[in-house]
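Here is a short tour of the model shown below. We will go through its helix packing, a sheet and the contact of its chains.

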Amino acid sequence: MSALENGPPLITPGRPGPSAPPLVSARNLALLRGERLVFAGLSFAVPEGGALLLTGANGAGKSSLLRCLAGLLPPLEGELLWRGEDALADRAAHALRIRYAGHAEALKPSLTVAENIAFWARLWGGDWRAALAAVALDTLADLPARVLSSGQRRRLALARLLLGEPLLWLLDEPTVGLDAASVARLGAMLAAHRAKGGAVIAATHLPLPLPGAEELAL
Amino acid sequence: MIALFLREIRLALRHPGDSLAAVLFFVLVCALFPFGVGPAPDLLARIAPGALLAAALLAALLPLDRLFGAEAEDGSLDQLLLSGLSPAAVAFAKAAGHWVTTGVPLLAAAPVAAALLNLPVEAWGVAVAALGLATLVLSLLGSAGAALTLGARRGGVLLPLLVLPLAIPALIFGAAAIEAAAGGLSARPFLFLLGALLALSAVLSPLAAGAALRAE
């Protein structure tokens, strides 16, 4: 478990002044999966423009923490705050200010690349063509998703990050299957997102271009 | 919600196997009755209303266990729950998609099934109306059942055990409507009762399904 548990909030460099509440923070968070206590007493804070890297062994609870932050898993105890207010009080509003990229890519193999991303663009808004171009899949837009390689599928899933205007990106092993060029493109996406005041919380075992990120070991 | 509904239709058009399997099941079950009870036209016509409804409801049940299962497996369900749509709206759109991709093809096959069961031609219109309402009710109840059994170890077995008892009123009123039409009586009271069931299901089922999805 991290040295941060029960400790003072961790603040990474960010835009608002020191008195402004962080974009997202957790206080004494505990999570139960089945009958197992995954973690307890977890506290951290991430300001606008900040980044937090979750590390730890398999099964340490990184993915569960990301799902909890997304509102997909309720915490057993503790507080999850968005700018100092209860983040999960309005789940629909919370859903729109975060974007979660989990292990599963949420793609429909029988739909084309364009149809897959355009569906989510209809729900979240945003320019899906620009999103496809950002992950270098615009030339494959008319291909069925079933013919994509695993790396291309991952890129298509990551293109969803660029739809709408979510402030917090929750990334679960985002670089799995990506080649060096794709990792570099993801790095550029992350940097642009943070430069606009967005925040990133990512779990990974692989190098992730997230300069200045604080680390939270689970 | 409309985007999700349209995607359901598009996916079904790309993979028509599920809809086709339901239609074939429906027609085959209706074709089996003459072999089981004998080809006597009067006997077949007498059992036709109940047989049609039961076969259609069972056929519509076939693809229900994948209604949310496929979305959960490929990660789409998580994204849908984070899409800003309420879980009840997601469930409603999925139920509507299920009806259009399964219920409507069954309606198209209803005249064939009715002919196999020697249902009088003057009752075919009411049979289609009753089947339409009953399969709508089943799609809504089924969406709640599919959400409740999502992740259960024997979800495919649990689902019919959960949904079919709830569909019995639809079966009774639907069969009664067809029987009334075949006997030259008005089917309207039974169709209105089916409509009332549909209204109830349309309100309660998405709420139940949404609560189950949120707890998943």
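Predicted model: local features only at pLDDT ≥ 70, side-chain atom pairs only at ≥ 80, totals over all residues.

Residues are numbered from 1 along each chain as its sequence is written, with chains lettered from A and ligands numbered from 1 in the order in which they are written. Helices (H or I, at least four residues) and strands (E, at least two) are DSSP runs, numbered from the N terminus.

**Helix pairs in chain B**

Axes are lines fitted to C-alpha atoms, for helices over the stretch in contact, and angles run from 0 to 180 degrees between N-to-C directions.

| Helix pair | Angle | Axis separation |
|---|---|---|
| α2(B) (17-37) and α3(B) (41-61) | about 150° | 9 Å |
| α6(B) (87-116) and α9(B) (188-215) | about 120° | 7 Å |

α6(B) passes α9(B) in a right-handed crossing, meaning that the near helix is turned clockwise from the far one by less than a right angle. Among the residues that meet are Phe92(B) in α6(B) and Leu213(B) in α9(B); contact here requires C-beta atoms, placed from the backbone, within 7 Å. This contact has 10 nonpolar residues, two polar and one charged. Nonpolar covers Ala, Val, Leu, Ile, Met, Phe, Trp, Tyr, Cys and Pro, charged covers Asp, Glu, Lys and Arg, and the others, Gly among them, are polar.

The helices α2(B) and α3(B) are roughly antiparallel, and their crossing is right-handed. The residues of this contact are 18 nonpolar, no polar and no charged.

**The sheet in chain A**

Four strands of chain A make an open antiparallel sheet in the order β2-β1-β4-β5, where pairing takes at least two DSSP bridges between strands. The edges are β2(A) (36-46) and β5(A) (85-86). Five bridges join β1(A) to β4(A), and Val24(A) stands opposite Trp82(A). Helix α1(A) (62-70) lies across β1, β2 and β4 of chain A, at about 120° to β1(A).

**Where the chains meet**

Chain B gives 17 residues to the contact and chain A gives 19 residues. On the chain B side, α1(B) provides the largest share, five residues. That side divides into five nonpolar, seven polar and five charged residues.

Conventions:
Parallel < 35°, antiparallel > 145°, perpendicular 65-115°, else oblique. Contact = placed C-beta atoms within 7 Å.
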